[in-house]
Amino acid sequence: MARKSKIAKSRKLKKKFLQALQDGRKPKMATKVFNSCSVCGRTRWYLWKFDICRICFREKANAGELPGVRKSSW
């Protein structure tokens, strides 16, 4: 329950921030906007290209759910 509310709160703040930028005004609290994983809500080690954290990235990559990502071996 806490994760879902955390994700919803961060999305709401990000939406307000982007709306303020589009309107051409300075956002009120720009420091409160942060990136978080769209799956679990984790804020640290966020991969912006995939919009998920490192843990979810690894799980999805191993399951083959991320197109263009392969496990490296040498």
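The structure is a predicted model, in which local features need pLDDT of at least 70 and side-chain atom pairs count only at pLDDT 80 or more, while totals for chains, interfaces and linings use all residues. Residues are numbered from 1 along each chain as its sequence is written, and side-chain values use heavy atoms, with hydrogens and water left out.

Pockets are a handy place to begin. On a 1 Å grid over the protein atoms alone, a pocket is an open set of points with protein on both sides within 12 Å along at least five of seven lines, whereas a cavity is a set of points where a 1.4 Å probe fits but cannot get out; lining residues have an atom within 4 Å of a point. Grid points are joined across faces, edges and corners, and a volume is the space filled by probe spheres set on the points. The largest pocket has a volume of about 210 Å³. Its lining is made up of Leu13, Lys16, Phe17, Ala20, Arg25, Lys26, Pro27, Lys28, Met29 and Val33. Sorted by class (nonpolar: Ala, Val, Leu, Ile, Met, Phe, Trp, Tyr, Cys and Pro; charged: Asp, Glu, Lys and Arg; polar: the others, Gly among them), this lining holds 6 nonpolar, no polar and 4 charged residues. The second largest pocket comes to about 170 Å³, and Trp45, Arg54, Phe57, Arg58, Ala61, Asn62, Val69, Arg70 and Lys71 line it. Here the classes are 4 nonpolar, 1 polar and 4 charged.

Charged side chains also meet one another. Side chains of opposite charge can pair when their charged atoms come close. With a salt bridge taken as a side-chain nitrogen of Lys or Arg within 4 Å of a carboxyl oxygen of Asp or Glu, the model has 2 salt bridges. One joins Asp23 to Arg25, at 3.6 Å from N to O; Arg25 is also among the residues lining the largest pocket. On the scale used here (buried under 20% relative accessible area, exposed over 50%, partly exposed in between, with a 1.4 Å probe and protein chains only), Asp23 is partly exposed at 45%. The other bridge links Glu65 with Lys60, whose closest N and O atoms are 3.7 Å apart, and Lys60 is partly exposed at 26% relative accessibility.

Helices (H or I, at least four residues) and strands (E, at least two) are DSSP runs, numbered from the N terminus. Trp45, part of the lining of the second largest pocket, sits in the loop between helix H1 (2–22) and strand S1 (46–47). Although Trp45 is not a glycine, its phi is positive, at about 55 degrees, and the residue is exposed, with 56% relative accessible area. Asp51 belongs to the loop between S1 and strand S2 (52–53). This non-glycine residue likewise has a positive phi, near 65 degrees, and is partly exposed at 31%.

Asp51 also features in the surroundings of Ser36, a residue of the loop between H1 and S1. Ser36 is buried, at 10% relative accessible area. Leaving aside neighbours within four places in sequence, Ser36 is in contact (heavy atoms within 4.5 Å) with Ser10, Gly41, Arg42, Thr43, Tyr46 and Asp51.

For aromatic pairs, rings of Phe, Tyr and Trp (its six-membered ring) must have centres within 6.5 Å; planes under 30 degrees apart count as stacked, over 60 as edge-to-face and the rest as tilted. The count is 1 aromatic pair. Phe50 and Phe57 form this tilted pair, with 5.0 Å between centres and 50 degrees between planes. Phe50 is partly exposed at 30%, and so is Phe57 at 21%.

Separations along the chain and in space complete the picture. Trp74, in the segment after helix H2 (54–63), is exposed at 92%. Between Trp74 and Pro27 lie 47 residues in sequence and 47 Å from C-alpha to C-alpha. Lys9 is in helix H1 and is exposed at 57%; its C-alpha is 9.8 Å from that of Val33, 24 residues apart along the chain. Lys6, also in H1, is partly exposed at 43%. Lys6 and Met29 are 23 residues apart in sequence, with 17 Å between their C-alpha atoms.
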